[in-house]
Amino acid sequence: MQRPIRPDWLIRQANELAGAGRGAGQPRNANLRRAVSAAYYALFHEITLQVARHVVPEPPCTDEARHRFVRLIPHQGVKSVCAWVSGPDRPPPRVFDALMAVRDDTDLRDVAGTFVQLIEARHAADYDHLEPFTKPAVLTRVESAETAIRLLTSRKGTDTYMLFMAHLAATARIQG
């Protein structure tokens, strides 16, 4: 198996591309855009890896089986669940009570809100030629991804974390 994608490496890459610790000066626009994308993917991969660990535990499953499961989780599905948790989108009636319980967990609500903000920023970075990117704003986005990863990890084992993981896992698409 190839080396897996590591969210901490993506955060490091995002900081490097955004010019963290390099003093004054604006990095190239392409580097700032790639930094936003790397920050988003760090959070996306951390979320999906935690979902896989929750749903496909070790043992009996291997890391390879978990990484295969991760590929089934769609970006848009994670965004939908996160939008329901962070608000203002109203969860569907069939999951309303459970997701409102997750929404009451301020840490998980912040994680969900950060995810929604980062996926929208990544879309702008990749497709909107007129969207401005500055070093301070991009470094703030990278920091928000790092914070969200820490918050998500800190909630492991709580009832709201398990509800969040279950709803994220439910977005997986198994196709033949």
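Residues are numbered from 1 along each chain as its sequence is written, and side-chain values rest on heavy atoms, with hydrogens and water left out. In this predicted model, local features need pLDDT of at least 70 and side-chain atom pairs count only at pLDDT 80 or more, while totals for chains, interfaces and linings use all residues.

**View 1. The largest pocket and its lining**. A pocket here is an open set of points on a 1 Å grid over the protein atoms alone, where a 1.4 Å probe fits, with protein on both sides within 12 Å along at least five of seven lines; lining residues have an atom within 4 Å of a point. Its volume is about 220 Å³. Look for Tyr-41, Phe-44 and His-45 among the lining residues. Helix H2 (29-55) and helix H3 (63-70) each give two or more residues to this lining, and H2 gives the most, with four.

**View 2. The second largest pocket and its lining**. About 180 Å³ of space lies here. The lining includes Arg-6, Asp-8, Glu-46 and Arg-53. Helix H1 (7-18), H2 and H3 each supply at least two lining residues, and the largest share, four residues, comes from H2.

**View 3. Two cysteines, Cys-61 and Cys-82.** The disulfide count is zero, where a disulfide is a pair of cysteine sulfur atoms within 2.5 Å.

Technical notes: Buried < 20%, exposed > 50% of the residue type's maximum accessible area, 1.4 Å probe, protein only. Points joined across faces, edges and corners; volume = space filled by probe spheres on them.
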